[in-house]
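Reader: I am new to this structure and would like to talk through its side chains. Could you guide me?

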Amino acid sequence: MEYNFKEIEKRWQSYWNANRVYRVEEDEDRPKYYVLDMFPYPSGAGLHVGHPLGYIASDIFSRYKRLKGFNVLHPMGYDAYGLPAEQYAIQTGQHPYITTRKNIERYREQLDKIGFSFDWSREVQTCDPAYYHWTQWAFIQMFNSYYCYDCRQARPVEELKEAFSQSGTGGGLNVASGGRYPGFTAADWNAMPVKEQDEVLLDYRLAYLGDTMVNWCPALGTVLANDEVVNGLSERGGHPVEQKVMRQWCLRVSAYAERLLEGLETIDWTESIKETQRNWIGKSEGVELSFRLAGLNNGRPKDEELSFTIFTTRADTIYGVTFMVLAPESEWVDVVTTPGQRAEVEDYLAATKKKTERERMADKKVTGVFSGSYAVNPVTGEEIPVWISDYVLAGYGTGAIMAVPGHDSRDYAFARRFDLPVIPLIEGCDVSEESFDAKEGRMVNSPQRGKERPGGLVLNGLNVKEAIARTRAYVEEKGLGRVKVNYRLRDAIFSRQRYWGEPFPVYYDADGLPRMLPTDKLPLELPKVDRFLPTQTGEPPLGHADRWAWDKAGNRVIETSKVDYKTVFPLELNTMPGFAGSSAYYIRYMDPHNDRELASAGSNAYWQNVDLYLGGTEHATGHLIYSRFWNKFLYDTGVVCRDEPFKKLVNQGMIQGRSNFVYRVNGTQTFVSLNLKDGYEVTPLHVDVNIVNNDVLDTEAFRRWNPEYKNAEFILEDGRYVCGWAVEKMSKSMFNVVNPDVMVEKFGADTLRLYEMFLGPLEQSKPWDTNGIDGVHRFLKKLWALFYGHHADELLLTDGEPAAAELKALHKLIKKVSHDIENFSFNTSVSAFMICVNELTSLRCSKRAVLEPAVIVLAPFAPHIAEELWHLLGNGSTVCDAAWPEYNEAYLREEVVTYAVSFNGKTRFNMDLPADASREDAEKAVFAHRSAAKWIEGKTPKKVIVVPGKIINIVI
C-alpha cells in the first residue's frame, strides 16, 4: 500500500476536529504547561513558508509536553487591528472589518492544513468587542491608578487625593509624575477648584494625557511608531513624516523601569534579549545640575533668574564643559534663542522635524545651530554657549546636556565641527585627534591652574571614581543639584489618529477634561463611518461618525449632533495603538468566554503565566516591554497571580527566500541555461520559484506564467533549463515567496513540518531551498515501508521479541529526541529519525514493540502519519494521549569499542576490544595484534597511554 499523505492528512484533521482532541480545560490532577506563539497579523497575502516556522516548533513542544503527561494550553488568535487594513479601506472603500475577516479565514484555512494542535475554542481576535472590552477596562484601571515608589506598586488615585488633602506634595510622598506640578501644600490643594485638581491628577495617573513628540505623517493623517518610519518616510506609502508635539494619551511605563529591570533576573530568556531590554530601559546613576542663563534672553532683564537642568552620569567632568546642547524639541529652545539667531534656529528645527529619533541616533552627521545665549557653569562661574543639535534627544534626561568634548565622542565631533574648545581632564590623555573616553585615570585641569576659586571644588590628583564621589557630595552640599537615578525608558504613546483600532472609553466634559465611561457599559464599540481619512478640519477619522457622543444621563452612545456639554459630551476621537490588543492577550486565552472579568481567579491561578513563548526578536523593545508592564500593573491590582508574564522565551530565526533567475539574451525572448550564459550577453531576471524544481525550470509553466514570455525560446543544457539562484529576503517582488499550501499539496503537511525543522537550528535564519524537501518526503515513505513494505497491501507487523540491535536503535532515538526537544534542537531530531529508520530498515524490523514507541516519538513532528500508524498498530484512541516512552540506558551500552592505535602520536591501525576491557587487557591486546610488530621493530616501548574507549598510543 502506497503512502497516500493526502488521504491520511484529511482523515486525521477531520478526526481531531470532530473529537475535539485539542480542547483543553483546567485539570487539577495534571500539571499545567502553557505554550504560546506571538499571534499573527492576518495580512491579505496569507502565510508563506517562513511564517509557520515558530508555530511548528511550538506545536512539537506542545505535543511532546502532552505526551509527557502535562495539561497543555496551546491557543491561537489574531492581532486584527492595524494600519494595512485601514489603508486598504481608504484605497477601496471596503470596510476594514470585511478585509480582516477575509484574511483571518484565509489564515485559518492555511494553519489547519499544517495540522497544528491549537485549541481553537479559545481563539481571540483583537477587533472583537468581546475582546477589546477588557483592553478598555484595563485602560480605565490605569487611569484610576498612580504609582507609589515606596509601595512599589500601583495604587488607587483616591488614595493620592486623600494624601494631597492631608499634606499636599509633602509628607514624604514618593510617587511617579510628569513633574508639571512640583510642589503644593494641603491648603493649596483644598483651595483648588475641582477642575484644577483634576488637571493636577492627570500628571500622576498611569494613563494620562500629555504633550509628547510624535512621528506625524500628514498624508496618512496619523502618528506612526518608530518602526513604521524608514528614512523619514512612512513604511506604508512612502509619505513624508515629521516630528510634532501633540496631546496624546500615554501610559506611564517609566514608573515600572526598576521592576522591569529586576524582573529580567527571574526569567529564562536569552541573554541577548535581556541585554537589549536593559539598554532600552537604560538605568544610569548621576547628578542633576542647574545651569543659570546669562545676560539678556529675549528681552528679559539680566537679574531674572532663569535656569535649566541637565542630567549627567559624569559630574566629575564639570571642568571640561565648554558648551551646552539642547534637544530641538526642548521647551527651552524658544527661551534661549536670540532675535538675531531666530531665523537660523527655525530653519534648523524645520529640518530636524523630518527625522525620527531612531534616525537621529543612527546618523553620524554633525549638525547644530547656536542659540545666541550663554549659560553659567555652576562650579566654575564661566559663561558657555548654548547650542541646539539633534544628537540630543528630548526624552532622555532633561533634553539638555553639558558637553564635555574631551571625553565624549559625539561632543568631540560637535566641538571640532564648530571650532569649540576641548579641555582634557585625565592625566596623560591625548585629545588632539579624538576624545578620550576611558573611565579611569588621574584628574587634571579640575580646575585649571590660575582658575581656582576660594572654597571651590578641587578634583586634581583624584582617580575618576574618587572624583565622581567628591563631585556628587559637593553638588548636594552647595545646593547646585541632586544625586538621581535616571532611566532612558520612555512612557508609551497610546493614541493613534486612526479608525481601525480599539476606541478609548473616554468622553470630554465642558472643561475639556477626560472622563471615563462606567465599566458596566463596556465595551464601547467602534462606530461606522463612511470615510476613513481625517476630517476636513484635521480630526481623526472618528470625527466622521454620526453617532459618537456620550449621553451621561442615559449611559449610552447617541448622535454626535446632540452634544451640548451638559448631559451629552463628545467621545475621544483617537483610537488605541496596535500593541493595546497584544499586551494582555495571553491572559484572555486562559478564560476567553468570561463576560464578567478578564480571567477568573481560578483559571489564572491554574494557568498562572506562559511557560514557553515563541516569537521573533523584533519585538524585544516593543511588545515584550509593554506586555511586561501591563502584566505587572494587573499583578499590582490583584488581577493576575504572577509578576512576569513569560517564564521562558525562545526566538526563532527567519526563513529567507531562495530566489531563482533566468537569463534572457539581450534584445530577444530567448533564455539561456545557467552554465551556458557566459557565451551570451544576458540580463538575469527573477522567476517564480514555484515553477522551478531543483533549480530546473518548467519551461511550459514559464510561458504561461507571464504573457510577455508566451513565445519564449530556450537554450538548454542536457535537455534542461537550469536556473541560477541567490538567497534574498522572501518577497513577492522577487517571486521567491513559497506558499505552504503548494508544499502541502505536493508533499504533505508532515513533510513540510519536518523539512522546516530540518533546515537548521531554530534560532538561526536560513534560506528556504525546495531542493532538499524530496529527501524528507522519501524518509516518510521509508518509514511507511516498515509497516507495509514497498508493494505489499498487508501489514508486516509482528509481535516478536525485539533483537538487541533493534532495541538499541529505538532507545538511541528516544534518548536523542527527548534531549533535543527539551533544548529546541529540532533539526538534529529529524536527523535522528532518519538514522533510526535506516537502521530498522536494514534490520528488516517490523516488530510492534519497536515500531509503536518510535511512532509516539515521531508524533509531535509528523502527527498525521503518526496517527495513521498508531491506529494501524491497533490503538483505538488518539496518539496525542499516548505516553512518551522512556529510554533504557542498558540497551545503549556498547559491547565492543573500536580503538585507534597510534605509535608516537600517529594512528597506524584500528582494533576492536570489549567495552569493559581494562588498561592491562588493552595493552596486552595491542602488543599481540599482528600489525603492532611492524611499528615496534623490536624496540622496547617507553610508555603506553590508554584513553578508555578511544585511543591507545605507544611511545617508542
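This is a predicted model: local features need pLDDT of at least 70, side-chain atom pairs count only at pLDDT 80 or more; totals for chains, interfaces and linings use all residues.

Reader: Understood. Is Phe118 buried or exposed?

Author: Phe118 has a relative accessibility of 3%, so Phe118 counts as buried.

Reader: How many aromatic pairs does the structure hold?

Author: There are 66 aromatic pairs. One of them joins Tyr55 and Phe118: the ring centres are 6.5 Å apart and the planes stand at 80 degrees, so this pair is edge-to-face.

Reader: Which residues do ring pairs link into a cluster?

Author: The cluster consists of Tyr33, Phe61, Tyr64, Phe70, Phe824, Phe826, Phe833, Phe861 and Trp884.

Reader: Let us turn to charges. Which charged end sits over the ring of Phe143?

Author: That is the charged end of Arg205, 3.9 Å from the centre of the Phe143 ring. In another place, Lys677 lies over the face of Tyr663, at 5.4 Å from the ring centre.

Reader: How many salt bridges are found in the whole structure?

Author: The search finds 55 salt bridges. In general terms, side chains of opposite charge can pair when their charged atoms come close. One of the bridges joins Arg753 and Asp59, at 2.7 Å from N to O. Arg753 is in helix H22 (residues 749-758) and Asp59 is in helix H2, 694 residues apart. Both Arg753 and Asp59 are buried.

Reader: What does Asp741 pair with?

Author: Asp741 forms a salt bridge with Lys113, at 3.8 Å from N to O. Asp741 is in helix H21 (residues 740-747) and Lys113 in helix H4, so the bridge ties together parts 628 residues apart in sequence. Asp741 is buried at a relative accessible area of 14%, whereas Lys113 is partly exposed at 30%.

Reader: Which residue forms a salt bridge with Glu288?

Author: Arg482 does, with the closest N and O atoms 3.2 Å apart. Here the partners lie in strands: Arg482 in strand E16 (residues 481-487) and Glu288 in strand E10 (residues 283-294), so parts 194 residues apart in sequence are tied together. Arg482 is partly exposed, with a relative accessible area of 45%, and Glu288 is buried, with 12%.

Reader: Which residues are linked in a network of salt bridges?

Author: The network links Arg259, Arg628, Lys632, Asp636, Asp643 and Glu644. Of these, Arg628 deserves a separate look.

Reader: Please go on. Where is Arg628, and is it buried or exposed?

Author: Arg628 is in helix H19, residues 623-636. At 0% relative accessibility, Arg628 counts as buried. A polar contact of 2.8 Å joins its side chain to that of Gln277. Beyond residues up to four places away in sequence, Arg628 touches Arg259, Leu260, Gly263, Leu264, Ile267, Trp269, Gln277, Glu644 and Pro645.

Reader: Finally, the nonpolar core. Which members of the largest one touch the most other members?

Author: That core has 184 residues, and those touching the most other members are Phe139, Trp249, Leu251, Phe494, Trp768, Phe787 and Phe861. Leaving aside neighbours within four places in sequence, Phe787 is in contact with Glu794, Leu795, Leu796, Leu797, Leu851, Val855, Leu869 and Leu873. Another core, of 56 residues, lies apart from the largest one and includes Met324, Val345, Leu462 and Tyr474.

Conventions: Residues are numbered from 1 along each chain as its sequence is written. Side-chain values use heavy atoms; hydrogens and water are left out. Rings of Phe, Tyr and Trp (its six-membered ring) pair if their centres lie within 6.5 Å; planes under 30 degrees apart count as stacked, over 60 as edge-to-face and the rest as tilted. Buried means under 20% relative accessible area, exposed over 50%, partly exposed in between (1.4 Å probe, protein chains only). A charge sits over a ring if NZ of Lys or CZ of Arg is within 6 Å of the ring centre and within 35 degrees of the ring normal. Helices (H or I, at least four residues) and strands (E, at least two) are DSSP runs, numbered from the N terminus. A polar contact is a pair of N or O atoms within 3.5 Å; within protein, one must be able to donate a hydrogen and the other to accept it, and residues adjacent in sequence count only if both atoms are side-chain atoms. Contact means heavy atoms within 4.5 Å. A nonpolar core is a set of buried Ala, Val, Leu, Ile, Met, Phe, Trp, Tyr and Cys residues joined through side-chain atoms within 4.5 Å. A salt bridge is a side-chain nitrogen of Lys or Arg within 4 Å of a carboxyl oxygen of Asp or Glu.
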